[in-house]
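Please look over the structure shown below before reading on.

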Amino acid sequence: MLELEKELENPYDEKRVRYLEGKDPPPAELQNKIEDLEMRLSEKEEALLEKDLIFEQVNRIADRVKNKAEGGKEDTLELAKRVNDLQARIKDTTRKMMAMVSELSMNQANALKLQQGLKEKEAELEQCYIRMEKGEPPSDEIEHEWLRLLRDEDRRLKDREELRMAEEEEEQYKIAGGITTTAEPRPNCLHT
């Protein structure tokens, strides 16, 4: 992590910034997705309630069968088989219900996360529009990035100017024949 931070903070690395491609879906499309998820969530809740009712009915039937089995000893074997079958169905239904509850919880968490992300993005977008209408940059991060780019450009221009001045100074010390001297040029000397 420290290495990644150093790479990111290095102002001389031109590859440290990578612009993401693609675009964010419009708010209407996000709203449609939210509505779709909410509909799916309500369908899952409805199915869960139906299974809960079935589970209660199966429990009542199982309790009645157990009571009959204890009361009447002549059909105990047949009743025991039926009770076992019903209990197996109850366990199977319970497992399926638990899976549905887990899936429903995951969908609810995902829907809440998406809603929260949508609200944050909408608020951020609205703030950017408000700031742009006032003539300000869309956000502080964008402004800092712009200022950094301007500083980098100024620094490159200064470096080029210093290099040009150094070359001119070096040219000043050259005499005829391409030989370089360290002597100061005389004011009345003509360069050839």
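**Arginine 131 and the predicted model**

Arginine 131 is buried, with a relative accessible area of 19%, where buried means under 20% relative accessible area, exposed means over 50%, and partly exposed lies in between (1.4 Å probe, protein chains only). The model is a predicted one, in which local features need pLDDT of at least 70 and side-chain atom pairs count only at pLDDT 80 or more, while totals for chains, interfaces and linings use all residues. Residues are numbered from 1 along each chain as its sequence is written, and side-chain values use heavy atoms, with hydrogens and water left out.

**Surroundings of arginine 131**

- Arginine 131 has its place in helix 3, helices (H or I, at least four residues) and strands (E, at least two) being DSSP runs numbered from the N terminus.
- Leaving aside residues up to four places away in sequence, arginine 131 touches Glu136, Pro137, Pro138, Ser139, Asp140 and Glu143, a contact being heavy atoms within 4.5 Å.
- With aspartate 140, arginine 131 forms a salt bridge in which the closest N and O atoms are 3.2 Å apart; the term stands for a side-chain nitrogen of Lys or Arg within 4 Å of a carboxyl oxygen of Asp or Glu.

**Overall fold**

- The protein chain has four helices and two strands, and from the N terminus on its elements run α-α-α-α-β-β.
- Of the 192 residues in the protein chain, buried residues make up 11%.
- Among the contacts in the protein chain with a separation of 6 or more, 50% are accounted for by residues 24 or more positions apart.
- The protein chain exposes about 16,900 Å², of which carbon and sulfur atoms supply 54%; accessible areas come from the Shrake-Rupley method with a 1.4 Å probe, and for residues only the protein chains shown count as cover.

**Salt bridges**

- Side chains of opposite charge can pair when their charged atoms come close.
- By the 4 Å rule given above, the count comes to 13 salt bridges.
- Aspartate 92 and lysine 96 meet through their side chains in a salt bridge (3.4 Å, N to O), and because they are four residues apart in helix 3 (residues 76-133), about one helical turn separates them.
- Aspartate 92 is partly exposed, with a relative accessible area of 33%, and lysine 96 also counts as partly exposed, at 46% relative accessibility.
- In helix 4 (residues 140-172), glutamate 153 and arginine 156 are three residues apart, so that about one helical turn separates them, and their side chains meet in a salt bridge (3.2 Å, N to O).
- Glutamate 153 is partly exposed at a relative accessible area of 34%, and arginine 156 is partly exposed at 39%.
- A network of salt bridges links Glu145, Arg148, Asp152 and Arg155.

**Surface patches**

- Glu35, Asp36, Glu38, Glu43, Glu46 and Glu50 gather in a patch of negative charge on the surface; patches are made of residues with over 30% relative accessible area and no salt bridge, like charges being joined within 9 Å and nonpolar side chains (Val, Leu, Ile, Met, Phe, Trp, Tyr) within 5 Å.
- Glutamate 38, one of the residues in the negative patch, has its place in helix 2 (residues 27-71) and is partly exposed, with a relative accessible area of 38%.
- Tyr19, Trp146, Leu147, Leu149 and Leu150 make a nonpolar surface patch of about 540 Å², and leucine 149 in this group lies in helix 4 and counts as partly exposed at 35% relative accessibility.

**Pairs separated along the chain**

- Leucine 125 has its place in helix 3 and counts as partly exposed at 41% relative accessibility; its C-alpha atom is separated by 8.6 Å from that of proline 138, 13 residues apart along the chain.
- Aspartate 24 lies in the loop between helix 1 (2-9) and helix 2 and is exposed, with a relative accessible area of 66%; the C-alpha atoms of aspartate 24 and lysine 121, 97 residues apart along the chain, are separated by 9.7 Å.

Conventions: Lys, Arg positive; Asp, Glu negative; His and termini not counted. Charge placed at Lys NZ, Arg CZ, Asp CG, Glu CD.
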